[in-house]
Number of protein chains: 2
Amino acid sequence: MTKKAVILLSGGLDSATVLALAKSEEYEIYAISFSYGQRHNVELDKAREIAKSANVTEHKIVEIDLRAFGGSALTDDIAVPKSDNVDDINDEIPVTYVPARNLIFLSYALGYAETLQSQNIFIGVNALDYSGYPDCRPDFIKSFEQTANFATAAGIGDKKFTIHTPLMEKTKAEIIKLGLELGVDYSKTLSCYDPIDGDKPCGHCDSCLLRNKGFSENRMTDPSI
Amino acid sequence: MTKKAVILLSGGLDSATVLALAKSEEYEIYAISFSYGQRHNVELDKAREIAKSANVTEHKIVEIDLRAFGGSALTDDIAVPKSDNVDDINDEIPVTYVPARNLIFLSYALGYAETLQSQNIFIGVNALDYSGYPDCRPDFIKSFEQTANFATAAGIGDKKFTIHTPLMEKTKAEIIKLGLELGVDYSKTLSCYDPIDGDKPCGHCDSCLLRNKGFSENRMTDPSI
């Protein structure tokens with residue numbers, strides 16, 4: 001019997017790698033992406049392309065409006081912080097943090113998984129080379145997994161949900177190395193929080209800085225540029 | 001300083017009572033309702049009316065599409081179960097269960113609360129006279145509260161969130177008694193899962209049966225009929 005997996009697919013480097021990994025483990029892939037009023041909405045085109053190349057069984061794009069609450073540089077008219085130096089990324093939570101975003105995304109993924117009778121949800125969070133968001137840490141994921149099993153008809157039975165986070169303890173360089181081994185075409189991914197002319201990476205937001213560091217540690221240039 | 005509270009307001013009997021209770025405890029009220037493709041969409045008109053009468057500071061109605069996943073009699077073309085006898089409601093999870101619904105609702109409420117710098121979320125779940133939904137039980141709420149504090153920038157600091165469930169251990173009759181003491185106008189509320197002609201309670205779904213039992217135990221008839 002095929003194992004079904006729901007994969008949170010953003011169109012960025014991490015989730016593209018997770019998708020390839022789940023495929024290599026012979027899961028049947030159901031991808032889910034969100035149109036949430038993000039200024040880097042072009043990532044959804046990338047998500048569509050990645051899902052199509054990977055020949056996923058289904059790709060749902062759910063419209064949700066996180067702008068209703070505001071309070072983030074990713075959804076509001078607040079400047080995305082820029083720098084020339086990856087070491088400027090510190091432990092503080094940046095203004096690109098979107099309140100409760102990953103919790104909302106995972107909650108939808110859970111409803112989707114339950115409907116599909118799938119017990120497996122994959123998310124490309126990592127807690128090493130990241131921006132310091134609280135909802136990317138192992139404690140959050142572990143707690144969500146418990147909540148998911150209390151929240152659902154499936155979870156209170158014997159069909160427990162697992163939230164898979166295969167990238168959690170990897171550096172960006174290690175993620176890229178893994179993805180290249182799995183044949184991920186990173187030219188199709190976009191990680192930038194604030195793309196120029198719609199789809200060119202700015203090169204200076206946290207996400208660009210971490211991505212560039214990852215490729216340069218693999219002694220290569222970013223194929224998406 | 002005023003305490004702010006986010007209240008999940010459905011337009012039904014329970015959440016109207018919770019709103020009145022939070023007001024009596026001098027919270028400043030921010031109500032949130034969801035248009036999620038429910039067949040009893042008229043409850044949103046009720047929610048608007050209740051919010052207006054209570055003079056809330058803000059009432060957000062968030063559009064989300066739970067029909068995208070399907071699998072529930074509340075959102076799909078599946079018949080809502082009917083009966084003449086409240087004792088027919090058993091421990092099984094009914095087809096009116098919507099996968100991950102309360103988790104998704106609470107996750108939005110959390111994002112809203114964090115943006116408002118509020119630490120208080122009120123939800124009118126109860127685990128006595130209810131339909132047996134997993135996401136109404138104390139274990140779920142307790143686990144969600146922990147997850148909320150891991151998920152957010154506010155929660156990992158010293159501004160911990162509390163999920164208030166003042167109705168959890170009350171029977172429907174006790175809830176109605178409390179609401180009447182607080183001056184709730186139950187003629188403005190609608191609990192039915194499958195209203196006739198848009199806004200008349202069917203009288204036979206689980207929600208109608210429990211509501212009718214609550215009023216009759218208070219020796220009165222439902223003022224909304």
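**Exercise 1. State the strand order of the open sheet in chain B and name its edge strands.**

Solution. The open sheet has five strands in the order β3-β2-β1-β4-β5 (chain B), with parallel pairing. Strands here are DSSP E runs of at least two residues, and helices are H or I runs of at least four, numbered from the N terminus. Two strands pair if DSSP finds at least two bridges between them. In chain B, β3 (58-63) and β5 (162-164) each pair on one side only, which makes them the edge strands. From one strand to the next the twist averages 25°.

This is a predicted model, in which local features need pLDDT of at least 70 and side-chain atom pairs count only at pLDDT 80 or more, while totals for chains, interfaces and linings use all residues. Residues are numbered from 1 along each chain as its sequence is written, and chains are lettered from A and ligands numbered from 1 in the order in which they are written.

**Exercise 2. Find how β1 of chain B is joined to β4 of chain B.**

Solution. Strands β1 (residues 3-8) and β4 (residues 120-122) of chain B run parallel and are joined by three bridges. A5(B) has N120(B) in β4(B) as its bridge partner.

**Exercise 3. Describe the packing of α6 on α7 in chain B.**

Solution. Helices α6 (residues 172-181) and α7 (residues 206-217) of chain B pack at about 60°, with axes 8 Å apart. Axes are lines fitted to C-alpha atoms, for helices over the stretch in contact, and angles run from 0 to 180 degrees between N-to-C directions. Residues are in contact if their C-beta atoms, placed from the backbone, lie within 7 Å. On the α6(B) side, K172(B), A173(B), I175(B) and I176(B) meet residues of α7(B), including L210(B) and F215(B).

Methods. Two residues are in contact if their C-beta atoms, placed from the backbone, lie within 7 Å.
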